[in-house]
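Let's take a friendly walk through a protein model together. Have the sequence and the 3D view ready.

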There are 2 protein chains.
Amino acid sequence: RRYAYETDGQEIYRRSFATIRAEARLDHLPEEARTVAVRMVHASGDVALTEHIAVHPRLVPDARAALRRGAPIFTDAQMIAAGVTRARLPRDNEVVCTLRDERVPAIAKAWGTTRSAAAVSLWGERLEGAVVAIGNAPTALFHLLEQIADGGPRPAAIVGVPVGFIGSAESKVALAENPYDVPWLVVHGRRGGSALAASALNALAREEEL
Amino acid sequence: RRYAYETDGQEIYRRSFATIRAEARLDHLPEEARTVAVRMVHASGDVALTEHIAVHPRLVPDARAALRRGAPIFTDAQMIAAGVTRARLPRDNEVVCTLRDERVPAIAKAWGTTRSAAAVSLWGERLEGAVVAIGNAPTALFHLLEQIADGGPRPAAIVGVPVGFIGSAESKVALAENPYDVPWLVVHGRRGGSALAASALNALAREEEL
């Protein structure tokens, strides 16, 4: 080989996680949430990310219990759904993204909102007890909170990591302060995204780190 | 509504890009590459990202010319393929990820390398003149450079943003210093990922920012 590099996948994982645990601050997180934060750092390449992560004490146990019951996962972006490692899911749980549903554009237009928010309205009663990961649109997270406030189905856990410059930080504060007793994980501020959402789901799906 | 938030998707995009242009450093990048960097910041929520972005002067024109010719896009992760907005592609270009090809595990085992690197070997002759985006595995980027060094097909442009703690930074230095005259875009250091790779592709696919 012209280039010297590690080619053992398991060894790369082990050394990566060891580096993250040596460098990243994790002591502000519930103990069970630390493997989730480590995997999110792994997906971003930035140990400073953990400073912005906040996790409700019931997020990890409630999300894991829901997945073991076979609950579906709802996401606001196809990329998140594509990033969930199916072999990690305890019950071959369904991963649902309704953004490309044919009804979405008409609903968005009628309600004067984004397609991402309109797509959330199609999750229906299966949302009750499900695991949600929002990694793209703040409007999707706000819409979900509105639905719950209006007495709609309540998910078991919400991973709220929408990204961006308009409404993102505010949507995550709203989630972390939600008075509906729904446990949450957020990355406060502007950062977030599909890769962080998918990595959090993959860590929740299987307890073992590797 | 209980929560006050912007619901006009186009307005959210416009204000987001305006915020990024006001806050992010872009003057070290080729002028044509700035819309690409802006979209990558948009996907990460972090204006400081641009400090780590470096772009070969021919990356943008060569990648755009290749896509207009109908060249395929090769990626190392399903998430990247899922994140490419098909409506932005000038020729309905094919987006190919071979990671789940059934031949991959046997090749990886025989060669003593990762599945990501093995998957690159399946891109074949169609790689000549194609656009590549590596957003996950440093081993995929190293393997691609080895193939080119060995006289294999040469892509028109390589977006090299693998993420991580083991080999990632080194793989991007190797790409940026490649002596094979293949234009590149990198995020130096550990950061990278599928979201950055997909956003770069989406900016290359269509010249207009929105």
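## Two helices crossing

In chain A, α7(A) passes α8(A) in a left-handed crossing (the near helix is turned anticlockwise from the far one by less than a right angle). The residues touching here (contact means heavy atoms within 4.5 Å) are Pro138(A), Leu141(A), Phe142(A) and Leu145(A) from α7(A), with Ser168(A), Glu170(A), Ser171(A), Lys172(A), Ala174(A) and Leu175(A) from α8(A).

Helix names follow DSSP runs (H or I, at least four residues; strands are E, at least two), numbered from the N terminus.

## About the model

This is a predicted model, in which local features need pLDDT of at least 70 and side-chain atom pairs count only at pLDDT 80 or more, while totals for chains, interfaces and linings use all residues. Residues are numbered from 1 along each chain as its sequence is written, chains are lettered from A and ligands numbered from 1 in the order in which they are written, and side-chain values use heavy atoms, leaving out hydrogens and water.

## A sheet in chain B

Now look at chain B, where six strands form an open sheet with mixed pairing, in the order β1-β6-β5-β4-β2-β3 (strands pair if DSSP finds at least two bridges between them). β1 (53-55) and β3 (95-97) of chain B are at the edges with a single partner strand each, so one side of each lacks a neighbour in the sheet.

Strands β5 (residues 157-160) and β6 (residues 184-187) of chain B run parallel and are joined by three bridges. Val159(B) is opposite Leu185(B) in β6(B).

## How the copies meet

100% of the interface residues of chain A are also interface residues in chain B, so the copies meet through the same surface.
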